[in-house]
Structure formats: C-alpha cells, structure tokens
Amino acid sequence: MSTLRIRFAPYVSDSGKAVVPLRIIDRNWRNIAGNWELTLDNPVDVPVEPGNFTVQAFMPTGEVISQEVAVVANETADVSLEPEIASPREDLAWGYLLKGTSRAAAAKHRHTWSIEARDPVLELWELSYDQRWDKIGLPAPLQHRVDGASFGSGSMRTSGKLVWLRIAWTAERAKFVALPPAETVRFNLFYDPPEIEGGDPVNVVVDAGNPRAESILGYLRRGDFASARQVGANFTAENLLREKLRDPASAAIGGYFLLQAADFVRLHNWTERLSEWFEYIPDGAVILAWHALWSSPPDFDLARGQLIEATHRGLPVYTIGLRLLSDGLSLCAARALKLTGKEDSDIARALEIVGTYAAAADWASAATSFYGMQPDKPWHY
Amino acid sequence: MSLVVDRRLPTADPQTHLLLIAVNDYPHLNGGSGTPAPQTYGQGQLTTPVPSAVKIANWFDTRLNNATTPLGTIEMVASPGATLPSIAGAFSAWFNRCANNPQNVACFYFCGHGLESKNNVTALLAEDYGANPLDPWAGAFDFRAMFLNLADWSCNSQIFLLDACRTTIPDSLNGLSALKSATPTSFPPRDAPVFKATSFGNAALGPANAPSYFSEALVDCLEMLGVSHFDGSAWVVDTASLGRALVQRMYRTIDGGLRRFLPCDIGGGVQSLSSFTHVHSVAPVDVRVMSEFYCDPTAAEDDATLVAYEPSLAYQIDSAGELRPWRPNLPLGDYDLSGRLVAGSAFSSIAALRAARAAPPIFMRKLRAV
C-alpha cells in the first residue's frame, strides 16, 4: 500500500480548522472510495494502491484546485494544493480562502485592476426587538487596504446583539449587512466590480470565527450541495448546537445545515433551546419553525408562532434564514386563508415586513444583506 | 393539445416528465397587438422563448440517457396560445403524471417575462397578462407559491428551470395563481433545485430569434459539461453537478464576441443533502471538461499562443484567435500544456506542463512566462 500525503500549500492561521472536501481520481477515472476531506492546517494521509492520481479540492469560494501525483509501491507521495487566488496576508486568508473575493457563485479568475470606486462610507446600526433600528456609531477605520482587491477589513465584538454594517458606495446607494453575534466578528470589503454600470461594487464578507461552520456556510450559499454534504458527513453540527452558549451564530449554521440535510435525528430538541436561549437572534426561531414543519406530522401552530417571533426579533443573520422566514410566512398565510377563508393578520403583518426586506435583499450574500439608504426603508435599486 | 412526446411507458414505471412553457407573444405589453395593460413595466415582445423550449425538448427527446428514469413525456405550451388557462391545463396533466411514482423526475421549464415584486413575489407572465384591465395579473402565476405548494407532491425529484428576467417592480402583488393552490400538509425530503438564468433584479439574455444563453448552457451541461463522477461505464449528471456546471458555463457565455459573466442563480431551491437525482448518463467519449489556461504574469497573454495536446487522443488545440483567458472545453485526458511567444515579446519562454489531467468539473492551470 502507498500513501498520498495531501496538504494545503499556503500557511493559514485563523482559518486553519476549515475543512474542504477532496476527490481523488485514479487512472481509470474512478473516485477513490472514502469521504476524504482536508483540514487546511493539517495534512491528510490517504492510502492508495501504487499508481497515478488526480487530487481535487473543492473550496468554499467555488474554486477547484487540482494536482496530479504518481506514487510507487510502499512509498508516500506529497501533494501540495495551491489556490489560484492568494491572500496578501496570512491573517486575511479567511476572506480569500473561505469566502471569495467575488459574489459570483463560481470563482472568477481575476486579473489585477485598480479600484474604480471611492472608499465606501461605513456606519454601525443595531436592530432590536420589534424592528427597532438605532444608529450606534462608526466602526474603527478599515485596515489593510489592498489595491485592486479590497477597500479594507475590520473586526469588532458583537456578542449579545444584532449589529448591522451600513456601507454607502455613493451618496445615493447603500446597503446593510448583518454582522453575526460573536466575540470577534471579522469583515472584509472586497472590491467586486459589478456587471452593470452603477451597480454595487462592494462584496462584504463576514466571519464569526468558526472556520468549519463558515466553510459549510460557503458551500450552502453557492449551491455546492455536493461539497456541503461531503463535509457535513463528519460535521459535528450537533456539537455546534451544544456549544451554542459560546457561539450562537455558528450554532445557527449548524441548524441550517441539518435542516438542509433533513437530518432530524441529529437536530433532536436543540432547536427549541437555540430559539429559547437566544431571544435576540431570529435564526433560532426560524430553524425551530422549519424543524416543526418538517416533523411528522408537521406542527403548524408551533411553526406559526416561531415565524412571528422571528420577525419580532428582527431579521435573520444569514440569508438562508431570510429565505426560510419568507417562505414560511408565505406558507402560513396561504394555509390560513385556505382553512379559515380569512387573513391571519399577525402573519400578514410579519409577511409585509419580511417581504419588503426580501425584495431588497442581496441573495448572493451569505450574511443577510439588503439595499437601501435607511434601514427601515429597504429598496433594491 | 400540449403533449408533444409520449413514449407510452407503463404509468407505474419511474420516468422523466418534462413541462416546457415558452411565451414569446404578449399582446398587452409594448409592441403587442392588443390593448396595452395598465402596467407594462417596460416589457415587450420576445423572440427567444420558443426556440429555447424547442431546443430543450429536442435534446430530451433525442439525447436523454437514463435507464432508471427514461423520458416518459414532454408537455409543451408555447406561443401563440400560451395563456394562463393553457398553462394551467398542461401543468395539471404534468402534475398528475409525475405523481404516479415517487421516483419520477419532474422537470419544469419556463421562458418568458418574469418580475420580482416589492413583497418578494416571483411573477411569471403568461400570454394573456393584461388581457383584463381590471385584473391584469389574472394572466400571471406566482412561482414561489407554486414551488412551496409542491412540497408534499408525491414526486420526490423536481427540477425547476426559470429562464426569465427578474426585473424588480415597485408594486406589491397578492392573490396570483400558484397553479397548484392546495397548500402542503407535510414536508417530506425532496430534491428540488431551482436554477434561474439570472440573478435577482437582472435580465435573462439571448440572441434574437434563437435559443437563450441559459437554454444553450443547460443543453451543454446535460450533454457534456455537467458530469459528476464515473460509475464504471458512464459519467453521471446529477442535480448537484448540473447546478455547479450551469454556473461555470454561464460565466463562459460569448455575447457579440465578448465574454459575459452571466450570473446564473442556483439557490432558492430545496435539495435534501441525502441524495441527488440522477438526471442523465454521458459516455466517456462525449464528456467535455470546462478548462481555463492563462499566463502568469498576465502581461504575457497578449504575446502568447497556448497549446493543449493530448497524446493518446492525438488531440490538439490552441488559443490562436480565442478570447483571453483561454477557456476551451476539452475531452477527458492528460494534456501537455505549452505556449509559444510572438517574436519580439518581452518574455523569453513559457514553461510547459506535462500530463495535466482534465477532470470534471473544471480544469485550470497557469503557465509561467519568464
């Protein structure tokens, strides 16, 4: 037996625990059996028969890194996987490797160019119960501007509240991006030239500090369900849910993943606790609502109550949650009309609020993002 | 009569059923033969939907290779006559047909005008939109509501293809038909991806009187580009690999001699991560791998002709006259990659790569110029 020792070439610091799925193809185009994955800061040894192989790594950015390797009997061959798009700094690697500099669902090959936009103007807002918005000040000045790539990055503590970053790239154009509640949330404002003149040139990526959860989120956001499934097979989402005290944002990602996987056994009753223990996070209520709907039989009453509660709490931190909230409210509204012949006024009110934000949303963003100059007046340009 | 293909397979056997809706003519929109609707939202007549639907229908009729769920039927509603009642009738027939076996594959394709309302309704316009000025939306249906209401359908594999603009309008919409009005009573796992030709707020594009870019991409991905893995005899196209390939393929659209990064959207569906639907099988000789080769530094691109050569196939192509970066679709194989520079180039050579394997889903290499 021989061994392929596969490692990720760049040195990664803060994103080291992120996991990416691997596919190993032999000479006859068959996939090597096994659910192989690579943790970015640690090599993985894969036992193989002697021969020639192609190793592929599927990044959350959409990039597919591949490398050929030949290994003889009873020996170990090193495979070093090098991404095409490199981070200029190790501590910014999380943005380049896990999020991607472009909002495009596929990794776009980038040539170097100059930023043809002025620096965006930033503000911080807080969203509290019953959709109350308050401006809470300005973030610290951005750091690490990278010509041609990024306007800069920043970090802050957002535990215990729903904080939104307002980014205005002209005097008439702005958007709001959710910053997940975390001890340290990082954000990077990548320059992402729009296809349409006058469009939004800023790709805001955020990270709540859990690389494994953030990579799963990346796959789900891009619709790369094959990679999400492969990583999730060993994904300890239930551990995240157990650790929700420490990291509710990542627990929410775990909940979304298990919903998508229809893995209701692993969801247990943690969804109730996630919703109950963190009353300021709408995502927990959304996850519990859909867990209730997908139960057998569906608990429509519980779902209804949680969806309304989610709207009281604000807007989900993650775009997946906004989609589920919008769909759930639409279902409840239609169901009420069918069963009673009358409108459910609470649902209708919630749907009106959520619908306007959904219609102004940037659906390509992993963290919930909507366009508008004022947070209570969302509008898609 | 909208049933254009009927293989007359036993009803209980698993099979693929396709519903195509193609609306070119809008009498009550700009340029139409009828009275203009109260609100046209700047929309007019179209020429791509019918050619697009025909292209897809022909592919499924002549090329679909799926031993487990072979093609059963194709239902098509196309202009002239693609009114909401016609669409509803075809939808009902398709719905009932697909419900005969949970292993059936239901495929829904719409090409025509699409609008996104202020309250997040995705309205797809039928030919008779605006026919009744008192109720112009009687000629439209709510795709999102339709999708949600199909959650309890006894057909577990549902593929939705929306080849329509997603122009935003300032109005709120309520009460549109959902084609299936009964709300779901349960939510069993389903594989139900939604693939949209464009991102929110943007237009779906295509050349006049020809298939749309999205329909071209769809057929390319089904036929050769969207494979997932080799099962020992053929390469499998499943709903996960198809979505991933569509995104990449749409980014390779050539429009008027220019490369367009058209933003295909593969989110918004429901895909149970436990299993993906096997859509089609491709013979190894027919597989093509979306590839990209470029020079490092990129300044060498203008001086270089890149060459890809597969010895065992005696297959060689080069980048002369091609847009840069060079993006060929290559047969499966192991390629020697090299480049030659024009006389007088500031660069002296391009380092070659030997035996680089072109494997799905995409194959990228940079060639260093010195």
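1. Chain B contains 5 helices and 24 strands; helices (H or I, at least four residues) and strands (E, at least two) are DSSP runs, numbered from the N terminus. This is a predicted model, in which local features need pLDDT of at least 70 and side-chain atom pairs count only at pLDDT 80 or more, while totals for chains, interfaces and linings use all residues. Residues are numbered from 1 along each chain as its sequence is written, chains are lettered from A and ligands numbered from 1 in the order in which they are written, and side-chain values use heavy atoms, with hydrogens and water left out.

2. The mean pLDDT of chain B is 94, with 99% of its residues at 70 or more; pLDDT is the predictor's confidence in each residue, from 0 to 100. For the model, ipTM is 0.91 and pTM is 0.94.

3. The C-alpha trace of chain B spans about 70 × 45 × 30 Å along its principal axes.

4. In chain A, strand 5 (residues 51–58) and strand 6 (residues 64–71) run antiparallel and are joined by 8 bridges. They form a hairpin with 5 residues between them, and Gly62(A) in the turn has a positive phi of about 105°. Gln56(A) stands opposite Ser66(A) of strand 6.

5. Chain A also has an open sheet of 5 strands in the order 9-8-11-12-15, with antiparallel pairing (two strands pair if DSSP finds at least two bridges between them). Its edge strands, strand 9 (132–137) and strand 15 (369–371), each pair on one side only. Within chain A, 6 bridges join strand 11 (residues 162–168) to the antiparallel strand 12 (residues 174–179); Trp164(A) has Ala178(A) in strand 12 as its bridge partner.

6. The second largest pocket has a volume of about 940 Å³. A pocket is an open set of points on a 1 Å grid over the protein atoms alone, where a 1.4 Å probe fits, with protein on both sides within 12 Å along at least five of seven lines; lining residues have an atom within 4 Å of a point. The volume is the space filled by probe spheres set on the points, which are joined across faces, edges and corners. Of the 35 lining residues, those closest to the centre are Ser330(A), Ala333(A), Leu351(A), Asn174(B) and Gly175(B). Helix 10 of chain A gives the largest share of the lining, 8 residues.
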